[in-house]
Amino acid sequence: MVLKDEMRTFAAMRWERPLPGIGVLRIAACYLLVLLWLMHGGAWAQPARRLTTTSRRAAQCYQDALQAYRLGQYSAAIGSLAAAQKADARFIELYLLRGQIYEEMGQWEEAMQADLQAVAIDSLFYTKAILDASRMAFCAGHYAECTQLAHRYLACEPRPGHRARIAQLMIASGEYAQYAMAHPVPIDPEPVQGGVNTSADEYFPSITADGKTLSFTRKVPGDPPSNLNVMQEDMYLARWDESAQAWGAARTLGEPVDSPQNEGAQSISALAQRMYFTRCNGPCNIYYTDRQRDGRWGPPRALPPPVNMRGYSDKQPSVSSDGRTLYFASNRPGGLGGYDVWCSTQDSAGRWGRAINLGPAVNTFADEQSPFMHFDNSTLFFASNGHPGLGDLDLFRTLRQGADTTWSEPQNLGYPINTAHADMGLIVAPSGSTAYYASGRRGEQSGLDIYSFTLPDSMRPTPVSYLKGIVEDGTNGKPLSGRCQLVDLATGDTVMQSQADEMGQFIVCLPVGRSYGLFASCGGYIDQSLHFDFTGQYLPGAPYEQRVRLMPLRVGASTTLRNVFFATDSDSLSAESHVELNRWVELLKRHTTVRIRIAGHTDNQGTAKHNMSLSHRRAESVSRYLQSQGIEAKRIESVGHGASKPVKSNDTAEGRAENRRTECHIISL
């Protein structure tokens, strides 16, 4: 199951226990219990040995407990062990088995006490019981005792390397947890209001770029629905109700997406037109489904290699806001531990590239799961039990370093965001302020619900607004499936890009704090550009909506170069202008017979003579730059019109800004 795979990653792990003739199952209900399996690789059954009791009554009760344990009859097993203890209170094995049973039952306190009783009788009989007690103390929230016991274990000999690593993590986690509890983050997670949470488990939220659609996974009765022992996972959608200021009633995606198998851990695209999700039937794989014109979701398709790898689990996808990069958890070969976070990027033909491991800054020898790439395309949230935390899977934040794939040291989100319970699947709305995640903070009996809270400023990703637009032919309004690229004008880096659908619709997220050029392109057309300056204080509000009209590449076509800038009252070309002008260099080199005219325009401030001269000199400045990049002078004309051809009224600052422009005209092909 999707949730089971998240919360019980290695549910069939076997733990080393000195019980005669068997390798006893010790299921990890606390996530840190997976670590031994990761480093050791499996169970070993220790050869039969003499028991540490001479009491026949104690030995018989112990065998009865083993038999009940094999049958899953935990209460009967605990009762038999109590009888064995009454017959011989110094019988070590009974305490080890008791600790194992209580651990499987999720009763950490009782498991810790049982391990400590075994250690008190003979600390050298089975030194790993000290480490087990440390782990159980951690799961029970006894962080000081956890740290003390881990130090005690590290003083033991022999001490296998993988166990030493677990002990070191216990020390780091115990110390961090004590600090985090003493310095709580000033937040108070609350269950989300509206039609999302029910008596069932809800988890793995995902949100669209407009913040209006929330998707999540819910555990529901299987087939037949009356059999509550058969549960399955399906995906649901809820819309934001503006009048009620709450999420509306959730509805299932239905067939053919939801099935008798388990579907969930979904990521919905910015336009809510495509959804990536996990389907588990044995190993988990990543699928996608597209929204049809009638609003229904189409048949799911499994992603091909290298995203899905046969024989391994690939799950919990998070698609970047431009739809080009997929982040996911996988236990495939080549990682650093159990589950690692990987990513794969689409090329221009839509093919997924080689899966790349995010590396040791993010991934550890344990598990990293449920990645979420924020809409700013640089802030990644994920869950881990290999970095120091408070228990179970903790939530972390890391930042992409520049345009490459290196990452900052992960930051634990702290207490009470993270608790000793299950905390996972965190996402953050485009505004960067509101987070959603699933938590079992009310206890196992209450199950998982989706909570929300306001992120502290120190943890917030870059706020994001978005442009929702349509690309169309400028002559007849026909929708075009054009490509839209958002470029940081200061660095020239493509921050994100979006492909318009068959209706010409696209969304591009706009992180605040930078100056951007947006370039729409389509084969046979002239690029159209837009400019967004978010370098000052900016609070994202209503989305930008724009029709982007592309003109066919033919004589008479023209466009405004909205990302060409000059110093005030000067013909000095800004370095930020090179991004747009370089695109024209590429076009002119592809079409070697095209000739263009650069036209400069000003507002009406100043004399007509001055404006005419300034506009001409600015056009000449653009021409000189194109020539410096290898375009022949004979292919470029330049002209200045001064203030003679305004496109807006000069009575307002906004109108004058529109009139100060540079245009490019096609004069021959």
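Does Ile 187 count as buried or exposed, and at what relative accessibility? In this predicted model, Ile 187 counts as buried because its relative accessibility is 13%, under the 20% limit for that class.

**Ile 187**

- Between Ile 187 and Ser 452 the C-alpha to C-alpha distance is 9.9 Å, although 265 residues separate the two in sequence.

**The sheet around strand S30**

- An open sheet is formed by four strands in the order S29-S32-S30-S31, with mixed pairing.
- Its edge strands, S29 and S31, each pair on one side only.
- On average, neighbouring strands of this sheet are turned by 20° against each other, direction ignored.
- Strands of a sheet can pair in a parallel or an antiparallel manner, through backbone hydrogen bonds.
- Strand S30 (residues 595–601) is mostly covered, with five of its seven residues buried.
- On one pairing, S30 runs antiparallel to strand S32 (residues 661–668), and seven bridges join the two.
- Within this antiparallel pair, Arg 595 stands opposite Ser 668 of S32, while Ile 598 has Cys 664 of S32 as its bridge partner.
- The pairing of S30 with strand S31 (residues 636–640) is parallel and comprises five bridges.
- Ala 599 has its bridge partner in S31 at Val 639.
- The parallel strands S30 and S31 also belong, together with helix H11 (residues 608–628), to a right-handed β-α-β unit.

**The largest cavity**

- Four cavities of 30 Å³ or more are present in the structure.
- The largest cavity holds about 230 Å³ of space.
- Its lining consists of 25 residues, and those nearest the centre are Gln 266, Ser 267, Ser 318, Phe 372 and Ile 427.
- At least two lining residues come from each of the following strands: S2 (202–207), S7 (262–268), S11 (314–319), S15 (368–373) and S19 (423–428).
- The lining of the largest cavity comprises 14 nonpolar and eleven polar residues, with no charged residues.

**The second largest cavity**

- The second largest cavity holds about 50 Å³ of space.
- Its lining is made up of Phe 519, Asp 527, Gln 528, Ser 529, Thr 559, Thr 560, Leu 561, Glu 580, Arg 583 and Trp 584.
- Strand S27 (528–533), strand S29 (558–560) and helix H10 (578–590) each contribute at least two residues to this lining.
- Helix H10 provides the largest share, three residues.

Terms used
Residues numbered from 1 in each chain as written. Predicted model: local features only at pLDDT ≥ 70, side-chain atom pairs only at ≥ 80, totals over all residues. Heavy atoms only, no water. Buried < 20%, exposed > 50% of the residue type's maximum accessible area, 1.4 Å probe, protein only. Pairing = 2+ DSSP bridges. Right-handed = clockwise from strand over helix to strand, strands pointing away. 1 Å grid on protein atoms, 1.4 Å probe; cavity = no way out; pocket = protein on both sides within 12 Å on 5 of 7 lines; lining within 4 Å. Points joined across faces, edges and corners; volume = space filled by probe spheres on them. Nonpolar A, V, L, I, M, F, W, Y, C, P; charged D, E, K, R; others polar. Axes fitted to C-alpha atoms, helices over the stretch in contact; angles between N-to-C directions.
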